[in-house]
Every structure is written in structure tokens, then in C-alpha cells.
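Please view the structure below alongside the text.

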Amino acid sequence: IQTFIELDDMLGNYKMYILGDGEEEYTKLLTELIEKYHMNDKVIMMGYVSNIHSYYRISDIVIINSDKEAFGRTNVEVMLSGCVVVGNDTGGTSELLNNGNGFLFDHKSLTLKDVLLQIICDKNSAMITAQRGQKYAKEMFTDEKNASEIIALYKEILNG
């Protein structure tokens, strides 16, 4: 939210949906920030959402700020949807996005603000990145590919 406060003038007309439940103290802090900076019409806290894919369909950019994405399934879902993925440079997110399939930030040398400015300044490149991520996810994470790799692993274990 702080990043969006700083970039508000540059972002133009946008809506930020914050999906998922969080600890009460943290969500209270976020709500206070939203109210303090009069962002109620731009930042909407949705809580638990059962159909997250409906939000991907209406989004251009999805920010995955989690520092505990072991495999990064959320990243794959976002890539498959065709959105620009912006993720925290940790765990599975790093592995999935570091080859040009999305954008990484690390809170230190390359902040979320830096990445969003890059996207704002070169929207065409961001869309190409989203398309590349979608193609990659479709090639690498299909049910058929997953089943094939599991069978190969079982055969290796049984023969080895």
C-alpha cells in the first residue's frame, strides 16, 4: 500500500484488490493506511476469496509479496492467466520468474516501487513478459507433463 501511495499520481485510474485473510493486527494496520491516505476507492481488502481466478481475469498485474512460496503455484496460476507477475525474489517465485517470465523485487536493491516504475515506463515490454510467462507456464505445467514426469520418477525409483 505504501508503494501505491508513493506512485498514486503516476498510476492513474486503478484498483488494488488485496486478497486473502491475514492476522487481525496486520489487516487493521492496512485498513488504517487505506483510510489515512483516502484510498478507499482504490484499495479494496477482499479477505478470503473462493474464486481467485475471477480476479486474475480483471487484472493486468498481480503482485505476489509472499516470502514463503516454496513451489510457487500461485505464480504459475497468474502466468497461465496472462497477467504480468511481480513477485518477491524468494523461494519458488525466484525460480519461476528469474528467466524473464515476470518481474522480481527484493525489498532492498530492487524494490517493488522500482519494478512498478519499470512497468509503467515500458508497458509494451511488460506485456511481452506476461505473454512469455504464459507460454512458459502452458509448456511446463500441464497435467500431461506433470503425469509424465511423475511416471518417469517412479520408474527411476523402481529401477534404481
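## Met-39 and the cores

Beyond its neighbours within four places in sequence, Met-39 is in contact with Phe-4, Ile-5, Asp-8, Tyr-14 and Ile-34 (contact: heavy atoms within 4.5 Å). The model is predicted: local features need pLDDT of at least 70 and side-chain atom pairs 80 or more, while totals for chains, interfaces and linings use all residues. Residues are numbered from 1 along each chain as its sequence is written, and side-chain values use heavy atoms, without hydrogens and water.

The largest nonpolar core has 21 residues, and Met-39 is among those touching the most other members, with Ile-1, Val-43, Val-84, Val-86, Phe-103 and Ile-119. A nonpolar core is a set of buried Ala, Val, Leu, Ile, Met, Phe, Trp, Tyr and Cys residues joined through side-chain atoms within 4.5 Å; buried means under 20% relative accessible area, exposed over 50%, partly exposed in between (1.4 Å probe, protein chains only).

## Helices H4 and H7

The axes of H4 (residues 73-81) and H7 come within 7 Å and cross at roughly 115°. Axes are lines fitted to C-alpha atoms, for helices over the stretch in contact, with angles from 0 to 180 degrees between N-to-C directions. Helices are DSSP runs (H or I, at least four residues), numbered from the N terminus. Val-76, Met-79, Leu-80 and Ser-81 of H4 meet Gly-133, Gln-134, Tyr-136, Ala-137 and Lys-138 of H7.

## Ser-94

Ser-94 lies in helix H5 (residues 91-97) and counts as buried because its relative accessibility is 14%. Outside its sequence neighbours within four places, Ser-94 is in contact with Asp-89 and Leu-104.

Technical notes
Helix = DSSP H or I, 4+ residues; strand = E, 2+ residues; numbered from the N terminus.
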